[in-house]
Structures are given as C-alpha cells and as structure tokens.
Amino acid sequence: MGMGFALRWAANHEIVIGSRKADKAIESAYAVKQILDHEGDVWGADNSSAVSEADAIVLCVPHEHLSSVAADLTGCIKGCVVISPIVPMSYNGKFFRYCPPSEGSAALQAKSLLPADARIVSAFHTISASALAAREVELRADTFLCGDDQQALELVRGLALEMRSIRPLMVGPLEASSLIESLTPMLLNAARKNKIKDAGISVVSEGKAAQIGDIKAPCG
Ligand SMILES: NC(=O)c1ccc[n+]([C@@H]2O[C@H](COP(=O)([O-])OP(=O)(O)OC[C@H]3O[C@@H](n4cnc5c(N)ncnc54)[C@H](OP(=O)(O)O)[C@@H]3O)[C@@H](O)[C@H]2O)c1
C-alpha cells in the first residue's frame with residue numbers, strides 16, 4: 001500500500017517512506033523516484049525518523065505488527081494525522097473473516113497505542129494495493145472514512161481526492177471503524193468467488209455510480 005500512496009501523492013507532497021531498516025526505505029524511495037522519472041521529493045528513513053516531521057502518516061503495516069510499530073513511533077509523533085488502512089483479518093482456508101482486536105477495531109487499537117494528540121483517521125481499506133500502485137489507472141472506487149477530528153478528516157478527504165479517482169465518503173466517528181474495516185474480508189471473499197481482480201467498492205445512487213463531483217457537502 002505504501003508504494004501506491006507514495007506514487008500517487010508525490011506530485012503534490014514531500015513523501016518520506018519509512019521502514020524498520022533505513023537502507024530498505026532508501027531503496028524503496030529510489031524505486032518510487034525511478035517510476036516518477038525522478039520528479040518529486042521522495043526520501044527513505046527508518047520509521048521513527050520518517051514520522052518525526054510529518055504532517056500526516058499512513059500506517060501501512062499488517063495488523064499483527066501494529067503494536068510493535070506503534071511502540072517505535074510513540075515518542076516521534078507530534079499531533080499529526082495518522083491514517084489507518086489496517087484490516088485485522090484471517091483466512092481459514094475457506095474464507096476471509098474480520099478479526100477485530102479487543103479495542104473493537106484496528107483504528108481504535110492504534111488510538112490506544114499512540115499518543116493522545118495523534119489524530120487518527122480510518123480510511124482506504126477497500127482500495128487494492130496493486131491497483132493503487134498502478135498510478136496511471138483510474139481507480140473509480142469509493143473509500144470510507146471514519147474519525148473524530150474534523151480537520152484531520154478534511155485533510156484525508158483532500159488526499160483521497162488527489163488520487164485518480166477515489167471518492168471519499170464520510171461514515172462517522174472513529175468508533176464506527178469496525179464497519180469499514182470489515183468490508184475488506186467481505187470484498188476479498190466476493191472477489192475470490194467471482195474471479196474479480198483488484199475489486200473495489202462504489203456506492204451507487206439511483207442505479208448509477210456517483211461521480212466525485214457529486215459530493216458537494218463538506219465532511220462531517
Ligand atoms: N494489500 C492490500 O491490497 C491492502 C488493501 C487495503 C488495506 N490494506 C491494509 O494495509 C496495511 C498494509 O498492507 P500491505 O499489503 O501494504 O502490507 P505488507 O506489504 O505485507 O507490509 C507492509 C510493511 O509492513 C512492515 N512489516 C512487515 N513485517 C513487520 C514486522 N514484523 N514488524 C514491523 N513491521 C513489519 C514491512 O516494512 P519494513 O520491513 O520495511 O519495516 C512491510 O513493508 C495492512 O494492515 C492491510 O490490512 C492492504
């Protein structure tokens with residue numbers, strides 16, 4: 001997921017790719033710059049350095065590693081927006097299922113692990129990583145957003161709108177994140193059973209998918 005976000009946001013933002021190993025992050029940043037023909041500011045650093053100056057970070061880590069990564073970041077995050085696309089799920093050989101932690105969702109768990117001034121927004125769970133990384137591809141998908149901080153929601157809404165073409169749909173407070181996280185295993189099951197590659201979700205209105213321009217109301 002991280003590569004896709006970097007590729008799609010680098011035109012408008014300075015991007016710092018984080019890793020547990022700075023060397024790996026620097027290699028990833030170089031790979032992104034090559035794809036972008038060396039346009040854009042893209043850097044690599046260890047996770048804690050990567051987040052220290054950030055206005056917004058995306059937690060692109062598997063759910064089972066959320067607590068260890070959060071522990072590494074705790075002293076370095078200063079009131080920034082933290083985006084969680086994390087989906088806690090498992091596969092039992094037959095189907096994917098949602099496996100929320102005791103906090104109720106990955107986003108609420110992130111909130112409990114990170115400093116109180118981290119402004120968590122839950123988003124991008126139903127966007128496929130490979131579709132995201134194909135930056136020339138029009139995604140034509142909706143993403144559902146949950147959060148408690150209005151400014152943070154606006155920022156993530158803007159970031160979604162920058163990507164071709166993801167429509168951000170507000171769902172509710174961070175407490176509602178389990179609803180949107182649980183869509184991913186459902187989507188993966190449907191995609192697998194029906195042989196759909198890089199499946200996404202689009203909410204329709206009166207029988208047709210709405211366009212990004214149809215969403216006029218501010219979030220909230
Ligand atoms: N893949 C998708 O299509 C998709 C779609 C929607 C949402 N998501 C969610 O987005 C998140 C990222 O998914 P992804 O597919 O990008 O994950 P991924 O490629 O499997 O892993 C992302 C990064 O997690 C770090 N990581 C791996 N093992 C770790 C460990 N033991 N401790 C700490 N960090 C570790 C690695 O970074 P370093 O080795 O560089 O530290 C790795 O590059 C997940 O929570 C997933 O549920 C994924």
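**Close-up 1. Val-156 and the residues it touches.** Setting aside residues up to four places away in sequence, Val-156 touches Val-81, Ile-83, Val-121, Ala-123, Phe-124 and Leu-145, where contact means heavy atoms within 4.5 Å. The model shown is predicted: local features need pLDDT of at least 70 and side-chain atom pairs pLDDT 80 or more, while totals for chains, interfaces and linings use all residues. Residues are numbered from 1 along each chain as its sequence is written, and side-chain values use heavy atoms, without hydrogens and water.

**Close-up 2. The largest nonpolar core.** This core has 29 residues, and Val-42, Val-121, Phe-124 and Val-156 have the most contacts inside it. (A nonpolar core joins buried Ala, Val, Leu, Ile, Met, Phe, Trp, Tyr and Cys residues through side-chain atoms within 4.5 Å; buried means under 20% relative accessible area, with a 1.4 Å probe and protein chains only.) Its largest share, five residues, comes from α7.

Close-up 3. (Rings pair if their centres lie within 6.5 Å; planes under 30 degrees apart count as stacked, over 60 as edge-to-face and the rest as tilted.)

**Close-up 4. Trp-9 meets Phe-124.** Here the ring centres are 6.1 Å apart with planes at 65 degrees, so this pair is edge-to-face. Phe-5, Trp-9 and Phe-124 form one aromatic cluster.

Definitions and conventions: Phe/Tyr/Trp six-rings, centres within 6.5 Å; stacked < 30°, edge-to-face > 60°. Buried < 20%, exposed > 50% of the residue type's maximum accessible area, 1.4 Å probe, protein only. Helix = DSSP H or I, 4+ residues; strand = E, 2+ residues; numbered from the N terminus.
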